[in-house]
Amino acid sequence: MSETTTRVPVEEHIRRLKDVLGAALGARATETVEISAGGVAGRIIAERLVSEVPLPGFDNSQMDGFALRAADLTVRDGEARLPVAGTTAAGNEPALLPLGAAYEVMTGAPIPAGADLVIPVEFTEGFGAKEVHFAGLSEADVARGRYIRAIGSDIAAGELLAVPGDVISPAQLAVLVACGYAELEVLEPIRTLVLSTGDEIRRPGSELRPGQLYDSDTPLLGAVLETFGHQVVTSRVGTDDPAWFLDALDALVAVHHPHLIITAGGISKGAYEVVRQGLGNRGISFGTVAQQPGGPQGWGLLEGDLEGRGLLHWRSQQEDPHAPIAVIALPGNPVSSAVSMETLVRPALAAVDPNCAPPRRITVRTVEDISSPQGVRQFRRVRILDDAAAEAGGVPTVALEGGPGSHLLGHLARADALLELPEDDVEVPSGSERQAVLITGRGVGTR
């Protein structure tokens, strides 16, 4: 087991997590998805996509009106007349415009061959006459190209639409469909297994005996990870026996084949730290980060002996059969694990996964004196007192929500952000400006 004995800086631990996550998530397979099947927005492109057609694919009318040749129009005192040769609508074959005539065109209709101008119907007495009378025309109204959507004016044939790593937005999805794509090659979602540990942990809704508590870690962590786009499976391994824990973990890995495992609890220095004792013998490192709450942390890759334990049979043919599984071990106190997710895991994931947004930071102003330990980066739960100031781009004021204790889950639920107090912030007077990390699902404009 690898275990550090000194507190490492927050940034150093984030770099360690980046390395671990990059090694595991870089081996993800790709899959082909049908755009019409839904659920494609938010997926990560795995191929270079180029438009094989121009968009629009043909010259078409921007307005309901009359298509004509500008050269055929004689305007006197803003008025002109032309015979009407026919009508065309969206979906019709392109028509041929006779010389010296106009053609009724509806919005989206192909421009008749020979026409170079559309005059909106608002300049006329309407459709259906054999001759159209234009009135109120200005020089700009009869300029060539007016109200014509030219072929390729939006996207040219051969234009780059997406590159590997792009996250598909709804608008980008519409562009791909408009350019003729029916299927896309995307990265498979990150499969994450979230485990809570400990003999005292019980399933929500079950009867508690003295000394037992409900598992709040897995629903909390799982919900945050789902906002990152992960496919999450949660489980409880209610044991303080390292061998039993490893057997249960192996079974869960064989069934759910995760890219990432996140555990909660069992990583401190007590006598029953099942995660540290079990995974420490499989190459996972443990140590302390100079952060409060969330000091104890574990990280590493499960690799090497996976095949010997029969855990590789689930790998798809596209995946590297020897790809490691990332492990991040968080403290068991729910506030510690929640803070660790926002301040350590999220920034590391954001660096390697385009689907994970980085922490949302804002500048805030305190309304009370605050003390913080020397040499530790403390994160205090705070409420934003004036959303309007933040929404207007100003500096909102914040008030502490509860004390620094890592067991105060109710205070976490009422908080909007985590006030960041750097390592040398021993005494922070009221009115000080500091950075704050908005909590997933909370923050400006969410109440």
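Glu31 is partly exposed, at 30% relative accessibility, where partly exposed denotes the range between buried, under 20% relative accessible area, and exposed, over 50% (1.4 Å probe, protein chains only). The model is a predicted one, in which local features need pLDDT of at least 70 and side-chain atom pairs count only at pLDDT 80 or more, whereas totals for chains, interfaces and linings use all residues. Residues are numbered from 1 along each chain as its sequence is written, and side-chain values use heavy atoms, with hydrogens and water left out.

The partner of Glu31 is Arg43, with which Glu31 forms a salt bridge whose closest N and O atoms are 2.3 Å apart. A salt bridge is here a side-chain nitrogen of Lys or Arg within 4 Å of a carboxyl oxygen of Asp or Glu. This pair links distant parts of the chain, twelve residues apart: Glu31 belongs to strand β2, and Arg43 to the loop between β2 (30–34) and β3 (49–50). Strands (E, at least two residues) and helices (H or I, at least four residues) are DSSP runs, numbered from the N terminus. Arg43 counts as buried, its relative accessibility being 14%.

Arg69 is buried, at 16% relative accessibility, whereas Asp72 is partly exposed, at 22% relative accessible area.

A further salt bridge connects the side chains of Arg365 and Glu433, at 2.7 Å from N to O. Because Arg365 lies in strand β22 (residues 361–366) and Glu433 in strand β28 (residues 433–438), the pair ties together parts that are 68 residues apart in sequence. Arg365 is partly exposed, with a relative accessibility of 28%, and Glu433 is likewise partly exposed, with a relative accessible area of 40%.

Salt bridges also form a network, which links Glu11, Arg361, Arg377, Glu420 and Glu423.

Arg282 is buried, with 17% relative accessible area. Its side chain is joined to that of Asp250 by a polar contact of 2.8 Å. A polar contact is a pair of N or O atoms within 3.5 Å; within protein, one atom must be able to donate a hydrogen and the other to accept it, and residues adjacent in sequence count only if both atoms are side-chain atoms.
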